[in-house]
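Colleague: I have a few quick things to ask about this model. Can we go through them one at a time?

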Amino acid sequence: MTEFDINRFRRPDSSRRGLPFWAWNTDVTADKVAHQVKIFKKMGFGGFIIHARKGLRTEYMGEHFMDMVRLAIKCAAESGLRVWLYDEDGWPSGYAGGSVTVEKKYRQKTLLFTKKELAALPREEAIERGEPYLLARYDAELCDGYLKSYGMRSDGAVFAYVMTAPDNPRFNYQAYIDTMNRAAVERFIELSHEKYLAELCGFEGVEAIFTDEPQIARVEPLTLSEIGDGFEVSIPWSDDLPQTYFEAYGEDILPLLPKVIFEPADGKNATRYRFNAHIAHRFREAFSKPIGKWCREHGIKFTGHYLYEQSLEVQSLSLRDVMRNYAEMDIPGIDVLLGGYEFTTALQCRSAAHQYGRTQMMSELYGVTNYTADFRDYISQGNWQVALGVTERVPHLTWMSMKGEGKRDYPANFGYQAPWHREFSAVEDHFARLNEFLHAGRPTVRLGVIHPMESHWLIYGPEDKNGSLRRARDEEFHKTCEWLLFGGLDFDYINEDLLPEQFDGEGKVGEMRYDAVLVPNCLTLRSSTLEILQKMQKIGIRVVFSGNIPSLANGLAYASVANFAAGCECVAHTEAAILGAFSELRGLRLTNGGKPDGRYLACEREIGGDRWVFFTPARGLDKSSTARREYEITVDGEYIPTVFDTFTGATRLPEFEQKDGKTHIRVALFEYDSLLLRLRKGRGAGKAIPESRAEKCITPTLISVERCEKNVLLLDMAKYSIDGENFVGEEEIMRIDAAARRALGLPSIAGKVSPQPYTVADDVKKTVCLLFAFECECELEAELAFEGASSVRLNGERVSLRSVGHYVDRDIKRVSLPRLARGENLLEVELCISKTVGVEPMYLLGDFNVRLDGGRKILSSPAPVKSLGSIKDSGMPFYGGNLDYLFEFECKGGDLELTLPSYSGELVAVYLDGERKDRIILPPYALTLKNVSAGRHELKLRLFGNRHNTFGSLHWAKYDPYCGPMHWRKSGEDFTYDYRLCNMGITDMPRLKN
């Protein structure tokens with residue numbers, strides 16, 4: 001058991017810090033590699049994950065690619081950083097950039113049921129050629145949508161064809177792999193893992209290899225229970241599945257397949273249960289197990305995450321059961337997108353990590369949160385995941401380049417292009433210190449909960465028959481999790497497939513021993529689960545059934561379940577009943593005014609004989625709240641508490657007292673505050689530190705607001721021409737790209753649909769002309785920033801394309817423009833597009849103000865800004881850099897408390913008389929300025945901005961939180977020519993108290 005290292009807590013090293021995905025999405029060069037490795041170090045990261053990504057122009061796994069991988073590992077070693085590899089070109093993992101599925105026998109399979117007769121080949125020939133083959137024909141009779149009778153007949157009206165995934169540009173014009181085919185996965189290992197092993201001469205300097213969203217064919221249940229002319233439904237398949245199913249269950253699956261699709265009239269469906277169980281088993285055995293085994297044999301950790309983790313319903317779409325696969329991972333992982341809360345996702349993974357003694361757990365987080373997510377979001381998102389076991393944070397995403405689709409690749413972006421990147425070490429320091437806690441000692445979890453996944457298989461049938469039941473049980477699954485967590489009962493899920501290999505016969509489930517086990521409203525249990533629960537009960541572990549008592553085992557009628565439950569505690573499946581049943585398991589309570597707060601998660605560990613607990617709010621956060629809340633933490637037993645400050649590394653004694661055999665700790669917490677607390681046995685008491693009284697309130701005077709980089713006019717509306725002469729009326733730039741591609745016969749490059757550029761041999765260039773118009777109220781100096789142009793003219797005058805630097809990203813170059821004229825200015829740009837290069841926005845840079853007037857864009861001389869509020873209304877609607885707010889004040893001297901009531905941006909840095917003091921990130925948005933001399937002083941508040949108003953998706957008409965590449969290409973009623981700009985700026989006057 002690892003001890004807590006106080007020195008590493010105060011000065012955390014790279015082993016405890018995050019590793020962002022590093023998107024290799026362009027031509028990879030030694031200069032880019034060396035430059036960005038240094039940036040990772042400056043940002044406070046502990047390393048990076050080399051991730052081949054859309055836009056890659058360097059051949060994946062080719063000679064130069066491997067040279068750059070070796071260079072990245074070398075640079076990382078020199079900087080003391082960790083390196084993880086990624087096992088695929090893009091995602092999902094398994095096809096090795098298409099080199100596996102060139103052999104069509106290895107491609108993903110589905111079984112299509114249809115009334116249409118398709119052209120088909122004999123089985124063996126079809127497998128080799130990737131063509132359909134007929135598996136069987138059926139007759140089926142439905143009564144009110146229920147399966148009354150069925151049979152496999154040579155002249156049946158329903159055909160069942162085995163379909164092979166076709167060529168798809170997303171997979172470089174190959175296809176995804178059959179992840180239930182062991183030979184296909186071994187080929188993937190050979191072309192990915194073993195190639196890395198050979199090229200890198202082992203894995204020195206590499207810690208882990210990441211697999212991303214491997215999956216079984218995703219299929220939806222039948223919508224309507226009818227067999228009309230348009231009847232079609234698919235289920236996942238593999239060519240040898242009938243054979244392996246027979247080996248597992250001793251029955252032929254082919255005659256029974258209609259029961260997988262339809263709801264039987266008698267309500268009995270062990271076939272559907274067995275089919276789903278077998279699909280889940282095949283995936284683990286073919287994909288997860290061989291990769292995990294290979295990694296351990298070669299000294300590298302297997303990590304990553306699987307597709308569709310968060311609910312019973314979505315797991316049923318693909319893997320059927322994600323938890324069993326975590327057993328094969330050295331660093332089991334999840335992903336949490338959109339900045340949401342996925343408690344079940346994290347708990348499933350953490351439970352397996354606890355039970356298998358894994359000391360690391362990964363989360364791919366922050367992705368799809370747009371450019372507008374800020375440090376408060378990153379801290380709160382990371383905090384609740386720490387509380388549920390995450391040690392390895394993988395921020396999504398650091399772009400090697402913002403060129404082309406790069407800037408639209410599921411932001412946020414954690415790289416040098418972000419104007420706040422040098423400040424991110426504050427976030428990483430906090431989580432590195434929390435990681436020291438998570439890596440020490442052992443988890444304290446006293447309750448196990450049988451995971452209800454297998455019950456869901458029974459009802460994963462037609463939408464019109466049990467869709468509402470599925471959704472209700474899925475909602476119940478999430479509610480039960482939250483009842484327990486926010487009711488102060490931390491727990492682990494127990495997976496029925498893993499339980500027989502985990503249970504030691506003496507009460508332990510792997511590395512964990514639970515005081516009680518909850519069976520939550522299940523429809524079926526495994527017979528093996530029932531036997532183990534009976535053994536647990538005999539050795540003193542409480543078994544509690546809530547809600548429905550299962551009448552089935554392994555999907556079949558089984559009276560022994562009810563007989564056993566009759567001798568156990570049985571309670572209603574309600575929050576009050578469940579929390580009441582396990583009240584003695586709650587050894588500590590957090591209350592506000594004597595009542596549970598209901599917003600906090602708690603993670604407890606035993607370290608060196610001490611109890612440690614981490615509290616964090618995990619719902620209902622409000623950035624505008626600066627309210628101070630008084631909490632009491634009540635602990636059974638007598639303890640001396642110590643607060644460990646994860647932002648500074650300092651420690652302090654909180655106010656506490658001991659009475660009636662309990663310890664009562666009083667703390668004041670603000671909206672986003674978390675709390676790391678050590679509880680050491682002993683007697684004592686602690687007094688609160690008296691608050692200093694403010695003598696006088698000082699209101700500083702705002703002098704000016706200054707930009708930290710040039711202002712920008714976004715050029716994303718233009719007239720365009722395909723032939724260089726006839727211009728089409730003004731249009732938005734992404735729409736121009738789509739129209740030009742249609743006119744020139746070029747494929748779309750939007751979203752996931754295009755192949756990697758390195759695979760495109762005949763990338764013929766086509767010319768497109770753009771005409772941008774804008775107005776100036778006076779003559780102005782300016783520069784133009786763009787990604788590609790073969791010719792530029794301003795008001796008819798040719799512009800030199802000699803670069804004078806870059807703008808935001810090294811692949812967006814700047815050129816000097818002739819002086820802008822008063823009145824209308826016309827900027828004519830000729831550029832080339834191709835199968836891999838599209839039309840992109842351009843950016844006018846300079847010391848000017850910008851005003852939007854309907855569709856008009858008007859530039860004016862840079863009038864000074866001397867007011868607070870959103871800068872989009874102060875001449876900077878498209879500005880995405882940092883801002884300096886300069887104030888003056890006079891004081892009598894002494895300590896000053898600075899409060900900033902609110903801000904819109906990433907964070908605020910505070911300077912006094914030119915000297916950097918500290919940052920303001922979280923409520924109450926305050927800090928103390930020590931020993932300020934009497935007299936006049938200059939206060940500078942640097943607001944760190946984001947790039948949304950410059951590079952973000954600005955033309956959505958209906959709110960859509962899923963900010964992926966297609967967010968920039970809205971159409972119809974989802975599109976507007978108006979700009980959806982975000983607010984940025986300091987919105988209230990700062991206050992100083994003497």
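Colleague: Where does N554 lie?

Modeller: N554 lies in the loop between strand 24 (552-553) and strand 25 (556-557). Strands are DSSP runs of E with at least two residues, helices are runs of H or I with at least four, and both are numbered from the N terminus. This is a predicted model, so local features need pLDDT of at least 70, side-chain atom pairs count only at pLDDT 80 or more, and totals for chains, interfaces and linings use all residues. Residues are numbered from 1 along each chain as its sequence is written, and side-chain values use heavy atoms, with hydrogens and water left out.

Colleague: What is phi of N554 near?

Modeller: Near 55 degrees, a positive value in a residue other than glycine. N554 counts as partly exposed, at 26% relative accessibility (buried is under 20% relative accessible area, exposed over 50%, partly exposed in between, with a 1.4 Å probe and protein chains only).

Colleague: And D660, buried or exposed?

Modeller: Exposed, with a relative accessible area of 73%. Phi of D660 is near 55 degrees, again positive in a residue other than glycine. D660 is in the loop between strand 34 (655-659) and strand 35 (662-669).
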